[in-house]
Amino acid sequence: LQKLQTEEAELLFDFFIKNTKGENYVKDAFYKLYICKKINNNKVSFQITKMLIKQEGCDVSETDKKALKFANLEVEPNINLLKSMLLMDGGYFIQADEVLKSIKFNSLNNLRNKTEYYYRYARVFESINNIDKSVEYYLKTIELQGDESYYFAPNSCLQLGYLYKKSNKNLALFYFNKVSTYKKHEYKNSLDIKAKIAIKQIDVQ
């Protein structure tokens, strides 16, 4: 999936769903199956799959929670943002950058997609060690998201904390503490824990 080999991935996720005996990662599998069908432009099938995310499996794990939150969104995701997310998750940052360059910001018609656009670019810039640009786009992400419950802003705060950890500990602490102020996003537990660990490490030093 992270190589955008969506047809092969679709077969494997479908196999998992049909053969698993448990309830964990079922919603996540349907979510990833939805992504495959969305990229492959199987319109009828991906709408049914989105419905099944809500109906099947449980939402204990963070990946399943993310899948359920996605399924409850009223807005449709941008296909190229989905592709860039997958490529970055797989470490294919150059390819992700190429996909992002094909997106016109003004064509994104909702706040979530616009916020994600800035966040994905921040991650790409950080991956190629363009720290000034990555900071700029993390800050754009935080500003644009406002009080919405996306995971983009809290994770941007976490990454900014890491970036400032050596050069400006006070600023790092500010952003690490800001992570926990975001509510009801799908990665709240893990991001809050990472921020708390980072704060303790600074206090020890």
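User: Hello! Which residues does K114 touch, not counting residues up to four places away in sequence?

Analyst: Welcome! This is a predicted model, in which local features need pLDDT of at least 70 and side-chain atom pairs count only at pLDDT 80 or more, while totals for chains, interfaces and linings use all residues. Residues are numbered from 1 along each chain as its sequence is written, and side-chain values use heavy atoms, leaving out hydrogens and water. With contact meaning heavy atoms within 4.5 Å, K114 touches, beyond residues up to four places away in sequence, F105, L108 and L144.

User: In which helix is the place of K114?

Analyst: Helices here are DSSP runs (H or I, at least four residues; strands are E, at least two), numbered from the N terminus. Counted that way, K114 belongs to helix 7.

User: How does E116 count by its relative accessibility, buried or exposed?

Analyst: E116 also has its place in helix 7. Leaving aside neighbours within four places in sequence, E116 is in contact with L81, M85 and F152. Its relative accessibility is 6%, so E116 counts as buried.

User: At what angle do the axes of helix 5 and helix 6 cross?

Analyst: Two packed helices are described by the angle between their axes and the distance between the axes. Axes are lines fitted to C-alpha atoms, for helices over the stretch in contact, and angles run from 0 to 180 degrees between N-to-C directions. For helix 5 (residues 79-89) and helix 6 (residues 93-101), the axes come within 8 Å and the crossing angle is roughly 170°.

User: How many residues of the contact of helix 5 with helix 6 are nonpolar?

Analyst: Helix 5 brings N80, L81, K83, S84, L87 and M88 to the contact, and helix 6 brings F93, Q95, A96, V99 and L100. Ala, Val, Leu, Ile, Met, Phe, Trp, Tyr, Cys and Pro count as nonpolar, Asp, Glu, Lys and Arg as charged, and the others, Gly among them, as polar. The contact has three polar residues and one charged residue, and the nonpolar ones number seven.

User: Within what arc do the buried residues of helix 6 fall?

Analyst: A96, D97, V99 and L100 are the buried residues of helix 6, while I94, E98 and K101 are exposed on its other side. The cover over the buried residues includes helix 5 and helix 7 (111-127). The arc is that of the directions from the helix axis to the C-beta atoms. Down the axis of helix 6, the buried residues line one face, because they fall within an arc of 160°.

User: Which residues in helix 7 meet helix 6?

Analyst: These two helices pack at an angle of about 145°, with axes 10 Å apart. From helix 6 come F93, A96, D97, L100 and K101, and they meet, in helix 7, Y117, R120, Y121, V124 and S127.

User: How many charged residues has the contact of helix 8 with helix 9?

Analyst: Helix 8 (residues 131-145) and helix 9 (residues 152-164) pack at about 145°, with their axes 9 Å apart. Residues making the contact include I131 and Y138 of helix 8 and F152 and Y164 of helix 9. By class, there are 12 nonpolar and five polar residues, and the number of charged residues is none.

User: What is the relative accessible area of K184?

Analyst: K184 lies in the loop between helix 10 (169-179) and helix 11. Phi of K184 is near 65°, a positive value in a residue other than glycine. K184 is exposed, because its relative accessible area is 72%.

User: How far apart are the C-alpha atoms of N189 and L1?

Analyst: N189 sits in helix 11 (residues 188-204) and is exposed, with a relative accessible area of 53%. Along the chain, N189 and L1 are 188 residues apart, and their C-alpha atoms are separated by 26 Å.

How values were computed:
Buried < 20%, exposed > 50% of the residue type's maximum accessible area, 1.4 Å probe, protein only.
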